[in-house]
Amino acid sequence: MVVLEKNEMIALAEKAVRVAIVKGVSEAEAYVCEDYASDVSIELGQITKNSQVIDRGIGVRVVVNKAVGFAYTNIVNDPVAIEDIVVRALSAAKASKSDVNWQGFAHKTSYVSVLEGTFDSKILEIGSDELMYMSQTMIDSAVQIDKNVIVAEGGVGSGYGSVAVVNSSGVCGFDRGTVIECSLATLAKDGNRVTPVCFEFDAARNCSIDPVWVGQEAAKLSVSSLKTKLVETKTTTLLLTQFALQDLLGHTLFNAIMADSVQRGQSPFKGRIGEKVVSENLTIYDDGLYPYGINTQLFDGEGVSRQKTLIIDKGVLKNFIYDNYTAKKEGKVSTGNASRAGYLSTPCIGTTNFHIMPDASSADDLIRQIDDGLLIYYLQGAHSSNPVSGEFSVVASPVWKIKNGDLVFAARDVMLAGNIFDLLKNVKIVGNNERQVGSLIAPWIVVENVRVIGK
Amino acid sequence: MQQVLLKAIEVATQKYGASYAEARAQKLCKTMFTLEEERVETAKQGIESGVALRVLVNGAWGFVSVGSFEDDILFTAVSNACIMAKTASQQLKNPIKLASAKVITDCVKVKPKKNPADIALEDKIQNFLQINKTIQQYDQRIKSCTVDYLDLIGSSFFVNSEGTDIQQDKLFVWSRITASAKSCGIFTFSREEIGATSGYEVFETQFPQDVGETVARRAVAQLVAKTPKGGKAPVVLGPSVVGVFVHEAFGHLAEADLALSGGILFNAMGKKIGSNLVTFYDDGTIPGAFGSFKYDDEGVPVEKTLLIKDGVVTGLMHNRETACKFGTQSTGNARAEDFRVEPIIRMCNTYMAPRDYEVKELLDGVKSGYFFKSFRGGQANIDGTFQVGIQEGYEIVNGEVGAPVRDASISGNTLEILLKVDAVGKDFVIDSGRCGKGQTAFIGDGGPHIRLSEVVVGGSA
């Protein structure tokens, strides 16, 4: 695998900024990305595909009369292409409109000297043979659980990514990282009964994933949801896993703490810093430097150092997350939360590793503390929540009924409805079994008084 | 362009013994902007060019994507793809085979009335700023409004080892308009999307200002809406909800790859799973619709596929691989978002065929229930459970549309719900949308107004 070196990446970004300044823009910024992904895919119980994607590109932002223009290209080895992209960014800026709130790109900040656990050279050396072996291990582990298990799809993939950002205000950064991931979707079929697709995965920045565990867990989950019963319509206690939490929070709470939502009146947290907004059992950080975190990076999409930001302290709202633009608008400093979809997009505010701090109870302890409730694994339709008000109305599946501290049966046709911000006020117990799903790092959580619509 | 692609394919078949090889090259230009209230967030222009190489060696796939058209890079890439396919084939029990497909040579040109490339970016921005102005001026309770705009113009080249050679223009225009409103601690949110493969003229037939007003009116009206009572109820669904309902509650299950992975339609051909009023199509041939094209990303002509006729399952959506497994022909549903990814089975324009009811007659039949007019997202699982969120809904009392309800949803299982369709309207609308299945696809969906005798309505009251 031949990757662009640090000096080549930075030189490319510097060149674009230089060309732009020569063309008379008042400010310029270039963001160069390189991504390698190697994947083995599983379909219908067997390995069927092996793929490799190499994607490189550069995105250039320029400012003319406080109007921002952006252009990108994935052709980076041609000097004319860089020139062309600057011209396009310039023409976009000229077609745009001056923004009175524009106060310049981010200035140079210092980065942490050592970032723990984001790059593992071993991942670069993994060949497709090894990815194949892990895939087969995962399939075998799943089908050994039960004869009714069907492996629907899945795969193992390794990736390398590097980024360089340079702007005319002195920012100049380079970072690189690795990731490896395996996932499996299984279902169980017995006669005419089919379970929902049950999904499990493991992802890490270093070579530490466990395909056996993933195969076994996905299979166990589907087999155990073969026989289901209906539950009553009532207001009850829920035990939410990380998958359910990520779905619910990702479309609501994440928006509510972003400074642009707050500034534009789209957040119920507007003007409430210092107030108790959720249960005192919740303490939450957004931690862009979290060791081994999936989204851990040296700097954000604008070259501002990633940081650990306290969002909620024992239920009290402490901070919002900012990018450079929204921070300057309030006379503040960016919290390093500018996120970018590679070279293709301009920065927008995003969470990094959204960390709900764990407490003492294990998963079993949590179940034992519930007299009557439901254990919720996955949700369907959380993206149709009202992102502003936090109201949701979703299907939960698979679901387990909890009675007197025990899991008693699997349930089907369960809907949950309510408001996520009310739900967060009713968080009763926070577990200790934390893991990362998407940007969320959290344990299981017990909430009370949620409306369940059953039979 | 075709010459270098053909050479790459030759390397695969002649040097590595690939039984099938294809090269798909794209040159795409995108123009985008986001408007937040009166602010232009950033105006954006992008170029994406590259080649996807896919080969079948010993019955397994190898796939490589590169952002380059240079000979030596493509030859290395295709060699890698072949070596990787060989590796993948080592433990294969059931080798992949492809259904036969016609060899096609064609050059497809788009002829938009208004080519977005001919309209200055400044004019596009000015046009859409009008929408935000309309929304903001509609009511002082409107707190924010956002317009996202995209146009994509380009060409794609497809050649395969069977002799198919297609050059096809690509053109998409799309816009999403959202608004939020707030009053007395109540927050509401409203969204509309416009999309077409015809040309920029779509923004002149559907007046942006009208769309702005629709979005604003809905956000404000919801401020006084109540949450619905959870439980079973009869409902009338508007075309926009019917479209998503067809897409989620049936469409995904009729994608042959999902049917094969244990989905409930695997053995359903010829089975009656819906009421006599249920007829669904997937049709990629509707001129200008957001999910229309001439050839799919395996070079197969797209079709109008009858999925259910009068409640009986009649077809699935196929690519060449699943068609072979089912002993049939591809329906032209293999689509790839771009050259970075492989084609997978996707819907085109999926809809329910109209029947003979007036909307009023549909409502007349409901004593106490809901009228769900506009959707907000939806999701399906392979076991037939689905959920469709509602962004605009009303109570129905004695056949009359009553007070608005907020943030409702409907859910159920496909095998039960399609039997509950008890009346179907005579009107017909197709909406533009986007569907996520690992990749994003531009799709259309729609139908007439319909009535369900009973469905689970999610609500917290």
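In the pairing between the two chains, A:Tyr72 has B:Gly46 of β2(B) as its bridge partner. The structure is a predicted model, in which local features need pLDDT of at least 70 and side-chain atom pairs count only at pLDDT 80 or more, whereas totals for chains, interfaces and linings use all residues. Residues are numbered from 1 along each chain as its sequence is written, while chains are lettered from A and ligands numbered from 1 in the order in which they are written.

The contact between the chains takes 66 residues from chain A and 68 residues from chain B, where two residues are in contact if their C-beta atoms, placed from the backbone, lie within 7 Å. On the side of chain A that touches chain B, the largest share, 11 residues, comes from strand β2 (residues 46–64) of chain A. That side of chain A divides into 29 nonpolar, 25 polar and 12 charged residues, with Ala, Val, Leu, Ile, Met, Phe, Trp, Tyr, Cys and Pro counted as nonpolar, Asp, Glu, Lys and Arg as charged, and the others, Gly among them, as polar.

Chain B is assigned domain 1 (2–224) and domain 2 (231–458), the bounds coming from an automatic or database domain assignment. The centres of these two domains of chain B, taken over C-alpha atoms, are separated by 22 Å, and their contact takes 37 residues from domain 1 and 29 residues from domain 2. On the side of domain 1 of chain B that touches domain 2 of chain B, β7(B) gives the most, with 7 residues; by class, this side has 18 nonpolar, 12 polar and 7 charged residues.

In chain B, helix α3 (residues 121–138) and helix α5 (residues 208–221) pack at an angle of about 30 degrees, with their axes 8 Å apart; axes are lines fitted to C-alpha atoms, for helices over the stretch in contact, and angles run from 0 to 180 degrees between N-to-C directions. That angle makes α3(B) roughly parallel to α5(B), a description applied to angles under 35 degrees. The contact of α3(B) with α5(B) has 9 nonpolar, 5 polar and 2 charged residues. In chain A, the axes of helix α4 (residues 128–143) and helix α5 (residues 211–224) come within 7 Å and cross at roughly 35 degrees, and the residues of this contact divide into 9 nonpolar, 4 polar and no charged.

An open sheet of 6 strands with mixed pairing is found in chain B, in the order β11-β10-β9-β14-β21-β20. Strands β11 (312–313) and β20 (429–437) of chain B stand at the edges, each with a single partner strand, so one side of each is left without a neighbour in the sheet. Within this sheet, 4 bridges join β9 (residues 280–283) of chain B to β10 (residues 304–309) of chain B in an antiparallel arrangement, and B:Tyr281 has B:Leu306 of β10(B) as its bridge partner. Helix α6 (residues 239–251) of chain B packs on the sheet, touching β9, β14 (349–352), β20 and β21 (439–447) of chain B, and its direction makes about 125 degrees with that of β21(B).

Notes:
Angles under 35 degrees count as roughly parallel, over 145 as roughly antiparallel, 65 to 115 as roughly perpendicular and the rest as oblique. Two strands pair if DSSP finds at least two bridges between them.
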